Amino acid sequence: MPALDDIDRRLILATQAGLPLTPRPYHTLAEQLDLPPDEVMRRLKHMLDRGVIRRIGVVPNHYRIGYTANGMTVWDVPDERVDELGERVGRMPSVSHCYHRPRHLPDWPYNLFAMVHGRTRADVEREADRIAEVLGAAVRGRSVLYSTRILKKTGLRLQS
Amino acid sequence: MATALSVLQQHLLNDFQRDLPLTPTPYREIADALGVDEEAVLSHLQSLQTGGVISRVGPVFAPNRLGASTLAAVAVPPERLEEVAALVNTFTEVNHNYEREHRYNLWFVLTARDEARLSEVLAQIEAATGLPVLSLPLLEEFHIDLGFPLRWED
């Protein structure tokens with residue numbers, strides 16, 4: 001993991017709740033942080049290039065625009081095929097995130113996670129069936145865990 | 001509850017989830033792309049944000065690149081869910097916490113400055129609740145999060 005320096009951390013703290021909605025947001029930030037505006041833009045670009053920042057843009061609240069069915073689909077597939085299968089599932093348009101995570105046997109047999117957002121549970125079920133088709137005979141077990149309540153959701157909170 | 005959105009708002013939500021320009025006037029560039037003035041873009045983004053339709057306009061950070069993180073799951077007896085969720089939420093390291101329909105009914109993301117602090121928080125949650133916590137750290141991410149294509153109801 002590339003080291004973040006103190007200025008990067010200040011920049012993360014200052015932007016994790018969003019950029020200012022001002023005509024020159026990076027200049028506004030630069031003023032708050034007492035940095036040159038060019039440096040603010042350059043450092044954000046650098047964090048984007050290194051994958052510390054995934055994207056910069058509008059972050060919709062899916063619930064408020066009708067995507068109220070949030071299904072965490074989980075799959076038990078052979079470990080030796082998880083990379084190949086994960087790549088394929090991750091590219092499906094309905095899948096917002098796709099991860100390989102460890103199993104915890106016997107309680108938790110699933111090693112592949114794919115998050116699916118839909119307007120209804122029927123939408124999510126349909127998408128889960130499409131994922132099952134992509135995975136084919138590799139599927140040894142599957143489940144969908146619907147979220148019923150958001151108990152906490154904050155942007156990432158980096159401790160200062 | 002779905003909120004009725006104008007066509008301009010739909011474009012703002014759908015088309016600019018990534019690649020906000022890293023130039024001095026990014027909102028003006030959005031305005032130019034949409035053929036509206038900058039003032040309209042700023043005021044719509046402000047009202048979408050105030051109304052909770054968007055969480056923010058800004059960077060989405062990768063938790064696993066900022067320290068140590070994991071997805072944790074706990075099978076909480078239903079009658080203890082509120083109490084355990086409240087306890088978990090007191091940790092600033094917890095940024096998402098969802099109730100899900102499953103025997104493992106509490107799922108939260110922990111991000112700590114390092115592995116040592118992560119283990120410490122997991123141990124504190126186990127000790128305080130008396131419940132085992134499954135820790136399922138990311139081994140591989142298969143999709144770079146480039147945003148999510150929204151479909152509008154006709």
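## Terms and basis of the model

A residue is called buried when its relative accessible area is under 20%, exposed when that area is over 50%, and partly exposed in between (1.4 Å probe, protein chains only). Strands (E, at least two residues) and helices (H or I, at least four) are DSSP runs numbered from the N terminus.

The model is predicted: local features need pLDDT of at least 70, side-chain atom pairs count only at pLDDT 80 or more, and totals for chains, interfaces and linings use all residues. Residues are numbered from 1 along each chain as its sequence is written, chains are lettered from A and ligands numbered from 1 in the order in which they are written, and side-chain values use heavy atoms, with hydrogens and water left out.

## Domains of chain A

Chain A comprises domain 1 (6-50) and domain 2 (62-146), with bounds taken from an automatic or database domain assignment. Between the C-alpha centres of these two domains of chain A the separation is 35 Å.

## Strand pairing

Two strands are said to pair if DSSP finds at least two bridges between them. Strand 1 of chain A (residues 53-60) pairs with strand 1 of chain B in the antiparallel sense, over seven bridges; A:Ile53 has B:Phe61 as its bridge partner. Strand 1 of chain B (residues 54-61) is mostly covered, with seven of its eight residues buried.

An open sheet of nine strands runs in the order 5(B)-2(B)-4(B)-3(B)-5(A)-2(A)-4(A)-3(A)-6(B), with antiparallel pairing. Its edge strands, strand 5 (134-136) and strand 6 (140-141) of chain B, each pair on one side only. Within chain A, strand 3 (residues 95-100) and strand 4 (residues 112-118) are joined by five bridges in the antiparallel sense, and A:Tyr99 is bridged to A:Phe113.

## Interface of chains A and B

Contact (heavy atoms within 4.5 Å) links 82 residues of chain A with 81 residues of chain B. The two chains bury about 7,700 Å² between them, 58% of it on carbon and sulfur atoms; buried area is the accessible area (1.4 Å probe) lost when two parts are put together, summed over both. On the chain A side, A:Leu21, A:Arg54 and A:Arg55 lose the most area to chain B, together 11% of what that side buries.

Five salt bridges cross the interface, each defined by a side-chain nitrogen of Lys or Arg within 4 Å of a carboxyl oxygen of Asp or Glu. A salt bridge joins the side chains of A:Arg121 and B:Glu101 (3.1 Å, N to O). Strand 5 of chain A (residues 141-153) contributes 10 residues, the largest share of the side of chain A that touches chain B.
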